[in-house]
Amino acid sequence: MSWHLFAVFFASTFFISATPGPNMLLAFQYGINYGVKRTLWTLAGLSLGLFILLLSTLLGLDVISRQSPWLLTVIKTVGALYLVYLGVASWRDSGSNSSLMNDANAMSEEISAELATSSNRPDSIHKSETLKPRSLSSAAVKMAPSNAMLFRTGMWVSLSNPKAILFFAAFFPKFINFGAPLWPQYIVLTLGLFLSETIWQIIYTLGGKKLAGWLDVGKRLAWLNRGCGIIFILIAVALLADVFNSFMI
């Protein structure tokens with residue numbers, strides 16, 4: 001992999017990682033609720049979950065590239081279409097009036113209501129310690145959770161979004177040269193993605209309120225979503241160009 005291609009990959013993932021998705025919202029909310037030191041356990045869980053998803057995706061791509069090259073072309077095509085869909089969806093979402101603080105508060109209320117309902121059931125004794133977050137986080141737990149619970153919650157949030165595997169499968173092929181040794185490229189891509197994700201997780205943890213206040217001014221969050229949408233579409237176009245060129249050879 002050339003440094004130029006890696007630079008494009010890192011810049012893209014760094015920009016995309018800045019968007020307040022489930023992992024970033026969890027880091028943001030836990031940083032506010034439990035402080036930076038304890039939230040590091042959650043970040044460790046998020047990283048482990050992300051690593052498992054990445055490993056699953058890369059192993060799948062590795063097997064497909066060696067045993068069914070034609071299927072890799074199908075994945076590139078379908079992945080490009082999926083990235084176009086994500087790009088259009090990101091652009092449309094930029095028109096909403098949501099904010100980081102509103103999203104975090106709504107998430108807390110939803111999880112709080114779920115926990116309250118669960119605690120009222122006869123069979124719910126101690127269930128608050130084992131209840132898995134349905135979507136984003138369990139940050140609304142009234143009692144401060146243990147470090148192990150913080151770690152498990154972070155890992156579960158990462159693993160609870162199977163769309164991440166689909167995204168990685170659509171995103172990575174553009175930056176992988178399947179005619180060269182694959183595992184060195186996998187390591188470089190994984191490290192690049194981990195670095196960008198970790199940087200933004202720490203930023204959301206340390207300066208969540210300030211970042212939320214800055215993004216919620218004017219249309220900054222909307223333009224961040226639009227920028228991500230443009231990146232998705234550009235990578236999709238490049239993937240389709242690769243597929244077209246493969247048929248021309």
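**Helices, cores and aromatic pairs**

User: What is the relative accessible area of Trp183?

Analyst: Buried means under 20% relative accessible area, exposed over 50%, and partly exposed in between, using a 1.4 Å probe and protein chains only. Trp183 counts as partly exposed because its relative accessible area is 39%.

User: Happy to start there! What kind of model is this, and how are residues numbered?

Analyst: Residues are numbered from 1 along each chain as its sequence is written, and side-chain values use heavy atoms, leaving out hydrogens and water. Local features need pLDDT of at least 70 and side-chain atom pairs count only at pLDDT 80 or more, while totals for chains, interfaces and linings use all residues, since the model is predicted.

User: How many helices are in the chain?

Analyst: Helices (H or I, at least four residues) and strands (E, at least two) are DSSP runs, numbered from the N terminus. From that end on, the elements run α-α-α-α-α-α-α-α-α-α. There are zero strands, and the number of helices is 10.

User: Which residues touch the most other members of the largest nonpolar core?

Analyst: A nonpolar core is a set of buried Ala, Val, Leu, Ile, Met, Phe, Trp, Tyr and Cys residues joined through side-chain atoms within 4.5 Å. The largest one has 33 residues. Helices H1, H3, H4, H7, H8 and H10 each supply at least two of its residues. Those touching the most other members are Phe9, Leu83, Phe167, Phe168, Phe171 and Phe172.

User: Leaving aside its neighbours within four places in sequence, what is Phe171 in contact with?

Analyst: Contact means heavy atoms within 4.5 Å. With neighbours within four places in sequence left aside, the partners of Phe171 are Phe9, Ser12, Thr13, Ile16, Leu83 and Ile235.

User: Which residues make the nonpolar surface patch of about 480 Å²?

Analyst: Like charges are joined within 9 Å, and nonpolar side chains (Val, Leu, Ile, Met, Phe, Trp, Tyr) within 5 Å. Helix H3 gives the most to this patch, with five residues, and one of the members, Ile52, is partly exposed at 33% relative accessible area. The patch is made by Leu48, Phe51, Ile52, Leu55, Leu59 and Trp183.

User: What is the centre-to-centre distance of the aromatic pair of Trp183 and Tyr186?

Analyst: Rings of Phe, Tyr and Trp (its six-membered ring) pair if their centres lie within 6.5 Å; planes under 30 degrees apart count as stacked, over 60 as edge-to-face and the rest as tilted. Both residues lie in helix H8, three residues apart, about one turn of the helix, and Tyr186 is buried at 1% relative accessibility. The pair is edge-to-face, with 85° between the planes and a distance of 4.9 Å.

User: And what is the angle between the planes of Trp3 and Phe6?

Analyst: Trp3 and Phe6 are about one helical turn apart because they are three residues apart in helix H1. Trp3 is exposed at 74% relative accessibility, whereas Phe6 is buried, with a relative accessible area of 18%. Their pair is edge-to-face, 6.1 Å centre to centre, and the angle between the planes is 90°.

User: How far apart are the C-alpha atoms of Ser90 and Trp223?

Analyst: Ser90 is found in helix H4 and is buried, with a relative accessible area of 15%. Along the chain, Ser90 and Trp223 are 133 residues apart, while their C-alpha atoms are separated by 9.8 Å.

Technical notes:
Patches are made of residues with over 30% relative accessible area and no salt bridge: like charges are joined within 9 Å, nonpolar side chains (Val, Leu, Ile, Met, Phe, Trp, Tyr) within 5 Å. Accessible areas come from the Shrake-Rupley method with a 1.4 Å probe; for residues, only the protein chains shown count as cover. A salt bridge is a side-chain nitrogen of Lys or Arg within 4 Å of a carboxyl oxygen of Asp or Glu.
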